[in-house]
Amino acid sequence: MARGRRRARRRYVGSALLFLSPWIVGFLVFTAWPLIYSVYLSLTDYDVINDPEFVGLDNYAELFADPKIALALGNTLLFTAFQVPLYVVVSLLLALLLDRAGRSSGFFRTVFFLPKMTPPVAVGILFLLLFNGQNGLFNTVLGWFGIDGPSWTTDPAWVKPGLIIMSLWTVGASVIILLAALQAVPDELYESARLDGAGFWRQAWSVTLPMISPALFFIIVVNTIAGLQTFDEAYTAFFGAGNTTYSNDAALFYVIYLFQQAFQFLHMGYASAMAWVLFVLIMAVTVVQLVVSRRLVYYEGEERR
């Protein structure tokens, strides 16, 4: 009897591994091996054409002495620090509006989500059109209210604010997630809060925010990681082929500089070292967020710490 169970278990495990084998092979070939090989490349001088030459930690020493790294990292951190909170606040406000839209919320969910399907390259080009300092739509609308709009694409002080505003174009996915979280809040909690005399703001602080805090935490973590890896829109707008007109340094994000080192200058070893520094940075930020979440995020059925 026991032997038959073991045999059935082995067949079950064998069948599961057979169905999982395409994913396992893909993970090993296209994810695990490149990750391991990039560690080796980060310790070499490699230009794609010639064989890698082992240089130890020289790439990392050069990286920390490179002024462009400080510029790119500073731009990236500043962008992420302002973009993520704004992204979350706008997502939450739109989700609250949709939650009160009733039957028409289905139509507006589609409308808000459609921009998320726009290719990032198209968004970068759209940025140059909408935020043109002379005849862009954004400054035209500001002009209706008597506001003289800045030079979003040429003034270094306004390049990152423009990119932050443009990032809200893809806010739809987060709106859908938060809307689902809002609709999952039990009505009984609001009724109990009203019986206790809680007003709108008290209900929002004591009921709504705790109950949707897991969704908020997910959005914050995902968008922080995305912010630290910002590339497509900024590269298209400011570093496209032959683009020397605009304030490139203000839009030089870390991943853009990594891309330049790898595929323009063919410094693959140096770019690999940059990639691992970014990986460590993202891991550190995520760990801090996870630690903080233990006190701020509420999960049903779990005691608050």
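Is tyrosine 37 buried, partly exposed or exposed? At 30% relative accessibility, tyrosine 37 is partly exposed, because that class runs between 20% and 50%. The close-ups below show this residue and others in a predicted model.

**View 1. Tyrosine 37 and tyrosine 40 form an aromatic pair.** The structure contains 16 aromatic pairs. In this one, the ring centres of tyrosine 37 and tyrosine 40 are 5.8 Å apart. Their planes meet at 40°, so the pair is tilted. Both residues belong to helix α1 (residues 2-41). They are 3 residues apart there, about one helical turn. Tyrosine 40 has 36% relative accessibility and counts as partly exposed.

**View 2. Phenylalanine 231 pairs with phenylalanine 259.** The ring centres lie 5.3 Å apart. The planes stand at 55°, so this pair is tilted. Phenylalanine 231 sits in the loop between α10 (200-228) and α11 (232-238). Phenylalanine 259 is in helix α12 (residues 254-264). The pair therefore ties together parts that are 28 residues apart in sequence. Phenylalanine 259 is partly exposed, at 26% relative accessible area.

**View 3. Ring pairs build an aromatic cluster.** Phe127, Phe131, Phe138, Trp152, Trp158 and Phe238 are its members. Ring pairs link them.

View 4. Tryptophan 23 is placed in helix α1. With a relative accessible area of 57%, tryptophan 23 is exposed. The cut-off for exposed is over 50%.

**View 5. Negative charge gathers in a surface patch.** The patch brings together Asp45, Glu53, Asp58 and Glu62. Aspartate 45 is found in strand β1 (residues 44-45).

**View 6. Methionine 117 sits in a loop.** This loop runs between α4 (105-113) and α5 (120-130). Methionine 117 is exposed, at 58% relative accessible area. How many residues separate methionine 117 from leucine 209 in sequence? The two are 92 residues apart. In space, methionine 117 and leucine 209 are 29 Å apart, C-alpha to C-alpha.

Note on methods:
Residues numbered from 1 in each chain as written. Predicted model: local features only at pLDDT ≥ 70, side-chain atom pairs only at ≥ 80, totals over all residues. Heavy atoms only, no water. Patch = residues over 30% accessible without salt bridge, like charges linked within 9 Å, V, L, I, M, F, W, Y side chains within 5 Å. Areas by Shrake-Rupley, 256 points an atom, 1.4 Å probe, with all protein chains shown as cover. Salt bridge = Lys/Arg side-chain N within 4 Å of Asp/Glu carboxyl O. Lys, Arg positive; Asp, Glu negative; His and termini not counted. Charge placed at Lys NZ, Arg CZ, Asp CG, Glu CD. Helix = DSSP H or I, 4+ residues; strand = E, 2+ residues; numbered from the N terminus. Phe/Tyr/Trp six-rings, centres within 6.5 Å; stacked < 30°, edge-to-face > 60°. Buried < 20%, exposed > 50% of the residue type's maximum accessible area, 1.4 Å probe, protein only.
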